Amino acid sequence: MTDITPEQTGSNRSRSSTELVRQSLARRNRKQKVLQGFGIAAIFFALSMLVILVGSLISTGYPAFTQTHVELEVFVDPEEVDTENLSRGNYDDMIAASLGAYFPDVDMSSRIASREVTQVLSSGAQLKLRDRVLADPSLIGETITIKVPASDNFDQLNKGLIKRDTPEENRRLNDAAIANFDTLDAAGVISAPLNTTLITSADSRFPELAGLKGALVGSFWALLVCFVISFPLGIGAAIYLEEFAPKNRLSDIIEININNLAAVPSVVFGLLALAVFLNWFGMPRSAPIVGGLTLALMTLPTIIIATRAALKAVPPSIREAALGVGASKQQVVFHHVLPLAMPGILTGTIIGMAQALGETAPLLLIGMNAFITSAPSGPFDSATALPTQIFIWADSPERGFVSRTSAAILVLLTFLIFMNAIAIYLRSRFERKW
Amino acid sequence: MVLFAFLLLFGATMLAYFVNRRAALSMRAGGARLHSLESFHGLFAALSVLVPVFVGILFWLVLEGAVVDLFMLRGLPAGTFDGLDSGASQLIVAEIKSIAGGRVFGTPEAWKIEAAERLVRYHRIADWLLVALVAITAAILLWVARRSVVEQFRARQGAERIVLGLMIFCATVAIFVTIGIVFALTFETIKFFQIVPITEFLFGTSWEPQIPIREDQVAAEGAFGAIPVFLGTIVISAVALFVAVPVGLMTAIYLNEFAPQRVRKSVKPVLEILAGVPTVVYGFFAVLTVAPAIRQFAASIGVDVAPNTALAAGGVMGIMLIPFISSFADDALSAVPRSLRDGALALGATRGEMMLNVLFPAAIPGIVGGVLLAVSRAIGETMIVVMAAGLIAKMTINPLDSVTAVTVQIVTLLIGDTAFDNPKTLSAFALGMMLFLATLIINIFALRIVRKYREIYD
């Protein structure tokens, strides 16, 4: 800058302006540094929020992956079991009796006294025993070893989420209850194995018995319906718009319409589903088929836009070559262009499916947030979905559901990461640079 | 049974393909010069069986329920619905249906059980009828298609016409969805405005969406003035943008101009993760972490904050919008022609000055478009506010207070029982209509700005 000062401006003036630039340069560079600093701070903020988000979910969610269990030696008393109808036995008392062995000074025949002790166990304990006996009636009259889940409060105590040093009146367990638990712990019957209930059972009012099976199966059916509808429709629409549609008003309107549809709030799709599918067509409430239909309408624009981009990326030379050897226009598209565009289309579809998997609001409006304690056996049964299950659990007052909500979110995020990883793999493996 | 009908159709389609293909092949073997390839003869036959029967089955399934109900109702004892309003007669129908489904509560009257049995019988008849109809029409279509295999028949053109028709149908589905949304919302909104005057909805300042449960209940006369609800949405969106716009813009500026290639390559996808996290997760994050943190901080400096403050919901929504704004701004900055940058640098501007005084102003239209799209995202965002914002509508613009939002009201009004004849349910559709219109206008506007701006430089 200083070297090319024109002659006629005079050396004095040129020196002064050079001086001016020099003097101000430090200030100007400082300004640039400040701008850069702001940029780095912004990125740092965004990334630290991501870290805090994931960190808080993991730290609250990991306790839910284990569940405190109590191992009991239960004598299956033939007197208490109705041999005609095995599901109608007094399994509660058998459990209480076996628990009583550890508390010699508690009178287990008294309901009130035994309640103090049996509250350590989940109310699902007797069901577990019942299922064991139902599966194998020869156990009647035998003494069996069975692991039953502890109830939520004691589970929290075992994991240290209920602190022993909080004053008794602020604690959800009194000292006597903790003493009972410690007695069992000293006897070595308390363990905390992997919480398989989280995957193998459906929803429950009791955190220790609640699982995601119903939600996972419901999400599976909804996504399947969504895929079956939106994939062919989306590809068909995209091929028509990209390869065949004449440039006229109608295709303009369709194009603007698709772009706008992609930005319509998801809750509005829920309103559409509620008014049209449920109210006018009388489809079943809470059913994955309706959820899948609604999600399909939302995913459609994503798939159309991704497919059009993939088709556009196929170079015209391919089309011209195929046309040149006598293929019809549809043969060109279906035999040559579409196979080459397929990796891009699949990538877009998987990303659309991942979005659909996380979508919550429209499913709430069609009632997929119902309390359902069994997994659906088909797309017409009432069900929940993974995100709506998270919403239900997040709303539940029991403390045990806080960590289970985080755990469910971690499961959902795992699925999303997996799907996106497939999409990224497809893109990097099959993408061609022309 | 329906599955069987579909399987039958599938079988007929395959059969049509192979029969016609073989016919064409044997004609060719016999020395005939066919116009189309034999596979097109097969395809044409398959499509001309598949498409009409498939559409027929779908129509049948949509209409079957209503028609069977009608037959069942005609068989009911005369005078069953005399003197009953629509709700009570719907209840009777629902009871009969649940008996038919095997869920019997208590001991229903004999005529209800009889009606339920008839309903089951009619459904069985309808299912058989469907299968029979599928079989007959498929057979007729097969026969017609088989007859079409002659020398001059242009099977390729025929098949391609059908395929083109199918693709046009696919493309118009998107339009039907929009029409469906508009119709559903308009229909229910008009019903709402027949009960509650539109002026009260648009200009009323009190939102208490209750309806009297009993006739004589005086206290629970609802109020449907939506202004406080709109205000709540505006407050939360403003908080969100207050977080997202500066952070997103600064991120874009740094990544676009100053960041080393390696940093840019790794930071961008990580930021995109923020956009891919489901909103229900953000909602839980707001409740679990952000709201308590804000409350604790406020308590430590002696400020009183509502438990579900707009700050928590808006702040978390802002985090969600960061990648949205930063990627739009990045695109806009990259779209500015290289000559402008080079010119500024050649005149002696530092890179910071070039960015602030040349690139950024030139990119403003694109950035504004992106911010507008973010606004429409923010006002339509549902799960974060449902979980983290309040339920009570307040006339306040204080972000520390608890406010509600349009989407919160829609969801809470429609969760649980939904009878389509009371103002409580219908008001959710009126709110939805407002939401749809607002986002639509913003989107059209934003997309126009973005597109127009791109064209100028291209």
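**View 1. No residue pairs are in polar contact between domain 1 of chain B and domain 2 of chain B**. In this predicted model, the count of such pairs, with both residues at pLDDT 80 or more, is zero. Helix α5 of chain B, residues 155–195, gives the most to the side of domain 1 of chain B that touches domain 2 of chain B, contributing three residues. Sorted by class, that side of domain 1 of chain B holds three nonpolar residues, one polar residue and no charged residues. Salt bridges between domain 1 of chain B and domain 2 of chain B likewise number zero.

**View 2. Chain B is divided into two parts, domain 1 and domain 2**. Domain 1 of chain B covers residues 2–185, and domain 2 of chain B covers residues 223–457. A distance of 46 Å separates the C-alpha centres of domain 1 of chain B and domain 2 of chain B. Contact between them involves four residues of domain 1 of chain B and five residues of domain 2 of chain B. Together, domain 1 of chain B and domain 2 of chain B bury about 410 Å² between them, and 81% of this area is on carbon and sulfur atoms.

**View 3. Chain A and chain B are in contact through 74 residues of chain A and 80 residues of chain B**. About 6400 Å² is buried between chain A and chain B, with carbon and sulfur atoms giving 80% of that area. Across this interface there are 10 residue pairs in polar contact, counted where both residues are at pLDDT 80 or more. Helix α1 of chain A, residues 11–61, supplies the largest share of the side of chain A that touches chain B, namely 20 residues. By class, the side of chain A that touches chain B comprises 52 nonpolar, 20 polar and two charged residues.

**View 4. A salt bridge joins A:R28 and B:E353**. The closest N and O atoms of A:R28 and B:E353 are 2.7 Å apart. The count of salt bridges between chain A and chain B is one.

**View 5. Residues 216–423 of chain A carry a UniProt domain annotation**. The UniProt record, an unreviewed entry, places the feature "domain: ABC transmembrane type-1" at these residues of chain A. Over residues 216–423 of chain A, the chain is 77% helix and 0% strand. The end C-alpha atoms of residues 216–423 of chain A lie 21 Å apart.

Conventions: Residues numbered from 1 in each chain as written. Chains lettered and ligands numbered in written order. Predicted model: local features only at pLDDT ≥ 70, side-chain atom pairs only at ≥ 80, totals over all residues. Heavy atoms only, no water. UniProt positions renumbered as here; feature names shortened; annotations may be inferred. Helix = DSSP H or I, 4+ residues; strand = E, 2+ residues; numbered from the N terminus. Domains from an automatic or database assignment. Contact = heavy atoms within 4.5 Å. Buried area = accessible area lost by both parts, 1.4 Å probe. Salt bridge = Lys/Arg side-chain N within 4 Å of Asp/Glu carboxyl O. Polar contact = N/O pair within 3.5 Å; in protein donor to acceptor, adjacent residues only side chain to side chain. Nonpolar A, V, L, I, M, F, W, Y, C, P; charged D, E, K, R; others polar.
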